[in-house]
Amino acid sequence: MIVLAGMKLQEIEELMLKLGASKFRANQIHNWVYTKSISKIDEMSNLSKDFREKLSEIAVITDTNIKVKQVSKDGTIKYLIEYPDGECVETVLMRFDNRANLTACVSSQVGCAVNCSFCATGKGGFKRNLTYKEIVEQVLAIQRDTGLKVTNIVFMGQGEPLLNLDNVLKAIDIFNEDFQIGARRITISTSGIIPGIDELASLELQSTLAISLHAPSHDLRKMLMPIENKYSLPDLKKSLKNYIDKTGRRITIEYILIHGFNDSSEVAKELAVFLKDLKCNINLIPYNSVIENDYKKPSQADIMKFKYLLEHSGKKVTVRLERGADIDAACGQLRGKANSI
Ligand code: SAH
Ligand code: SF4
């Protein structure tokens with residue numbers, strides 16, 4: 001069966017040609033899939049019944065299934081999406097009351113090999129990469145379910161996007177062209193995979209790059225992120241500077257605050273020094289609890305003090321709003337298994 005979700009307009013045109021239908025049909029079908037986000041070919045009401053039947057014999061809109069859906073009291077929705085091989089990933093839809101944006105937090109891999117000590121995804125190990133169609137499908141599943149158009153995408157779900165870069169780039173191309181979501185409304189978050197960052201730099205990608213830094217020194221960072229042993233901070237910094245030079249874009253530095261570990265005034269000052277010559281905004285993420293470790297969130301007063309010290313260095317600093325913690329949908333809590341929820 002042909003799956004229409006994830007097909008570019010040109011591919012649908014080629015399909016129409018094979019079926020002896022006009023090019024215009026391709027536009028209509030594309031619109032049903034990406035804008036109206038319907039689930040069944042039979043709902044394509046501007047196509048004749050005969051043609052819908054003919055198309056249904058060889059194609060479906062999607063071959064995935066929403067296995068579980070949970071709605072948080074803050075309006076965040078978490079979906080467990082199942083692919084035909086039985087593997088599942090989680091996708092989160094966030095709404096913010098004061099903004100018109102609808103942000104989808106998508107997964108790029110089933111599991112993750114990077115194994116950061118604070119992250120539930122890493123605990124489950126790595127299963128496989130998602131194809132670009134499987135990435136795109138997460139956003140279509142949200143649109144079909146809610147009847148709403150997603151406006152922003154963040155690659156902050158399960159997996160390390162820069163270890164599946166080809167599929168992530170193809171998915172971004174479809175988000176741009178087929179969903180009409182501008183590059184600047186798309187953010188890729190990475191644990192710091194240097195070859196991937198270098199490739200994004202050479203492509204001059206206009207999406208936002210977010211770096212999960214979490215510590216300003218090698219010794220502290222490697223206790224949280226084994227990747228620091230492979231791609232260490234001085235090399236990462238060089239690669240980030242090159243990225244900023246090539247793309248002209250400001251990057252985002254993500255920094256988890258863990259009580260008594262990386263949240264002291266000394267560490268804040270060390271971080272300010274490390275970031276001094278990088279064109280960046282800083283996003284502080286108070287640690288979200290994951291059962292497998294003993295880390296704790298800092299107090300509000302400690303978070304504000306850390307923020308204040310960093311702001312003193314002249315950077316823009318925000319504290320990430322916690323979304324969907326009551327349904328384990330907050331950063332780092334995604335496991336991708338039905339039995340975890
Ligand atoms: N693999 C990519 C993207 C997914 S994680 C990356 O690591 O950047 C998205 C963000 O959530 C990252 O900044 C990650 O470090 C953070 N995160 C992971 N576990 C968390 C936790 N328990 N509490 C708060 N943030 C967490
Ligand atoms: Fe993987 Fe990101 Fe989780 Fe680290 S934080 S284990 S890189 S998903």
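Author: Let us begin with a ligand: a nitrogen atom of ligand 1 is 3.4 Å from a polar backbone atom of Cys-331. Please bear in mind that this is a predicted model.

Reader: Which other residues have a backbone N or O atom lying 2.9 Å or 3.4 Å from an atom of ligand 1?

Author: For Gly-159, a backbone N or O atom lies 2.9 Å from a nitrogen atom of ligand 1. For Thr-190, the corresponding distance is 3.4 Å, to an oxygen atom of the ligand.

Reader: How much of ligand 1 does the protein bury?

Author: The size of an interface is often given as the accessible area lost when the parts come together. Taken alone, ligand 1 exposes 530 Å², and the protein buries 96% of that. The ligand is surrounded by 20 residues, the closest being Phe-118, Gly-159, Ser-189, Ser-212 and His-214.

Reader: What surrounds ligand 2?

Author: The residues around ligand 2 include Cys-112, Cys-116, Cys-119, Phe-118 and Gly-159. By class, the shell divides into 5 nonpolar, 4 polar and 1 charged; Glu-160 is also one of its residues.

Reader: How is the protein chain divided into domains?

Author: Domain 1 spans 2-60 and domain 2 spans 65-340. Their C-alpha centres lie 34 Å apart, and 13 residues of domain 1 are in contact with 13 residues of domain 2.

Reader: Which residues is Ile-29 in contact with, leaving aside its neighbours within four places in sequence?

Author: Ile-29 is in contact with Leu-4, Ile-12, Met-16, Met-44, Leu-47, Phe-51 and Leu-55.

Key: Residues are numbered from 1 along each chain as its sequence is written. Chains are lettered from A and ligands numbered from 1 in the order in which they are written. This is a predicted model: local features need pLDDT of at least 70, side-chain atom pairs count only at pLDDT 80 or more; totals for chains, interfaces and linings use all residues. Side-chain values use heavy atoms; hydrogens and water are left out. Contact means heavy atoms within 4.5 Å. A residue is near a molecule or strand if one of its heavy atoms lies within 4 Å of it. Ala, Val, Leu, Ile, Met, Phe, Trp, Tyr, Cys and Pro count as nonpolar, Asp, Glu, Lys and Arg as charged, and the others, Gly among them, as polar. A polar contact is a pair of N or O atoms within 3.5 Å; within protein, one must be able to donate a hydrogen and the other to accept it, and residues adjacent in sequence count only if both atoms are side-chain atoms. Accessible areas come from the Shrake-Rupley method with a 1.4 Å probe; for residues, only the protein chains shown count as cover. Domain bounds come from an automatic or database domain assignment.
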